[in-house]
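Hello,

My notes on what was found follow it.

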Amino acid sequence: MTMTTENPNQTVVSHFFLEGLRYTAKHSSLFFLLFLLIYSITVAGNLLILLTVGSDSHLSLPMYHFLGHLSFLDACLSTVTVPKVMAGLLTLDGKVISFEGCAVQLYCFHFLASTECFLYTVMAYDRYLAICQPLHYPVAMNRRMCAEMAGITWAIGATHAAIHTSLTFRLLYCGPCHIAYFFCDIPPVLKLACTDTTINELVMLASIGIVAAGCLILIVISYIFIVAAVLRIRTAQGRQRAFSPCTAQLTGVLLYYVPPVCIYLQPRSSEAGAGAPAVFYTIVTPMLNPFIYTLRNKEVKHALQRLLCSSFRESTAGSPPP
């Protein structure tokens, strides 16, 4: 592995080697095809949802505006990790990542992941206003407010990621350079530092713990009020119609929040096998979200059907007759 000499007694790592996911090396071709399929479904599904939300006038509610942001985040989050995993399955050189590339990957991952964390909170608050304060909802969630709230989530996510990236890569890394993980994340990278990482770990646990726990608490509180409001609806059909969009969000929240708890609360236990929980919220959840939000939402489903039918009619109308 390439290293650059800083002084006679110390070397600085210029590249890292990603060991990847355990048990994938023996059947690398099979796993490559599997990840290629997952990545293709993820990107196509989320971009299709994004296109549907952006082009259909029936989906003008704020919840669909935030769903578009979520789809874009999921497509990008998967792009940050999956292509590098696939490259590592093809060749050993594909597992090599430069020091700067590792920093960029770590920043992009935490930028997108933390932004998505805040976005789930905003989406829960949106549902709270829509169900618990329906008369106040059109004023509280106007177009300008939706844009501002979405912008704030992106800005906080960018700041949060910048803090952790700068703290992680200000440390000295002088070898070993093998990251026991499938992408550059804080816990496995910190294990390779040649200096004391206690402060980094405390900041990571405090910051990520406070952010994740705070967002989750706000989401839980929102849904407690939502459930109470839904139970006061007299008809079963009305209760189902009111709570149907919420079930999709709750499913996405559970799939997104549970795995990181297993990772970031035990930073010193990060090994190649510990990548399994991260697979769910970095690879599997972004693939499932388009299905979760379309299968549980009739409006999105109908809008998607209209988009596909319109595209089919345009393609057939433009094709020459046989």
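Arginine 144 and glutamate 148 are joined by a salt bridge between their side chains, 3.1 Å from N to O. Please keep in mind that the model is predicted. The two residues sit four apart in helix H5 (residues 143-169), so about one helical turn separates them. Arginine 144 is exposed, at 65% relative accessible area, while glutamate 148 counts as partly exposed because its relative accessibility is 35%.

The search of the whole structure gives two salt bridges. Aspartate 126 and arginine 127 also form one, with 3.2 Å between the closest N and O atoms. Here aspartate 126 is buried, with a relative accessible area of 0%, and arginine 127 is buried as well, at 7%.

In the model, residues 30-54 are 100% helix, and their end C-alpha atoms are 36 Å apart. Residues 145-163 are likewise 100% helix, with 27 Å between the end C-alpha atoms.

There is also a nonpolar patch on the surface, made of Leu47, Leu50 and Phe72, with about 230 Å² of accessible area together. Leucine 50 belongs to helix H1 (residues 28-55) and is partly exposed, at 30% relative accessibility.

Last, the aromatic rings: 14 aromatic pairs turn up in the whole structure. Phe16, Phe99, Phe169 and Tyr173 are linked by ring pairs into a cluster.

Regards

Terms used: Residues are numbered from 1 along each chain as its sequence is written. This is a predicted model: local features need pLDDT of at least 70, side-chain atom pairs count only at pLDDT 80 or more; totals for chains, interfaces and linings use all residues. Side-chain values use heavy atoms; hydrogens and water are left out. Patches are made of residues with over 30% relative accessible area and no salt bridge: like charges are joined within 9 Å, nonpolar side chains (Val, Leu, Ile, Met, Phe, Trp, Tyr) within 5 Å. Accessible areas come from the Shrake-Rupley method with a 1.4 Å probe; for residues, only the protein chains shown count as cover. A salt bridge is a side-chain nitrogen of Lys or Arg within 4 Å of a carboxyl oxygen of Asp or Glu. Buried means under 20% relative accessible area, exposed over 50%, partly exposed in between (1.4 Å probe, protein chains only). Rings of Phe, Tyr and Trp (its six-membered ring) pair if their centres lie within 6.5 Å; planes under 30 degrees apart count as stacked, over 60 as edge-to-face and the rest as tilted.
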